[in-house]
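Visitor: Could you walk me through this model? I have a few quick questions.

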Amino acid sequence: MRYRLTFVAGVVLGYVLGTRAGRERYEQLKKSARQFAQNPAVRNTAETAAQQGREIAGRAYHVVSDKVGDRMPDSVAQRVRTLRERTSQGSGEDDWGTSNT
């Protein structure tokens, strides 16, 4: 029982001290996060990482498909073909609305 009481007292103390920082600190953190995300260097790095991920995924698909062969379900194979065709036609976005540049 003593441990429960100590735990509850700790939770209450944490809540009280946390609410003193209040809404101002929350808004300040939110603003900082937004500024960080809108920084051109951060956006370029994220875009580059996404592009590299797409390339690695494409290479991984080829390696796996060579090993798996005809055992891949038709639905998966059709989806991959559709994505390849869309990419080769040069559409500017993928399924998630991000650019392929």
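Guide: Before we start, buried here means under 20% relative accessible area, and exposed means over 50%; please also keep in mind that this is a predicted model.

Visitor: Okay, what percentage of the residues count as buried, then?
Guide: Of the 101 residues of the protein, 5% fall into the buried class, and the accessible surface amounts to about 8,900 Å², with 59% of that belonging to carbon and sulfur atoms.

Visitor: And how many helices and strands are there?
Guide: There are three helices and zero strands, so that from the N terminus on the order of elements reads α-α-α.

Visitor: Where does Phe7 sit?
Guide: Phe7 belongs to helix H1, which covers residues 2–38.

Visitor: Why is Phe7 classed as exposed?
Guide: Because its relative accessible area is 59%, and the cut-off for exposed is over 50%. Phe7 also forms a nonpolar surface patch with Val8, Val11 and Val12, and together they have about 380 Å² of accessible area.

Visitor: Switching to H2, what caps its N-terminal end?
Guide: Asn39 does, with a side-chain oxygen 3.0 Å from the backbone nitrogen of Ala41. Helix H2 itself, residues 40–68, reaches 41 Å from its first C-alpha to its last, close to the expected 42 Å.

How values were computed
Residues numbered from 1 in each chain as written. Predicted model: local features only at pLDDT ≥ 70, side-chain atom pairs only at ≥ 80, totals over all residues. Heavy atoms only, no water. Patch = residues over 30% accessible without salt bridge, like charges linked within 9 Å, V, L, I, M, F, W, Y side chains within 5 Å. Areas by Shrake-Rupley, 256 points an atom, 1.4 Å probe, with all protein chains shown as cover. Salt bridge = Lys/Arg side-chain N within 4 Å of Asp/Glu carboxyl O. Helix = DSSP H or I, 4+ residues; strand = E, 2+ residues; numbered from the N terminus. Buried < 20%, exposed > 50% of the residue type's maximum accessible area, 1.4 Å probe, protein only. Expected span 1.5 Å × (residues − 1). Polar contact = N/O pair within 3.5 Å; in protein donor to acceptor, adjacent residues only side chain to side chain.
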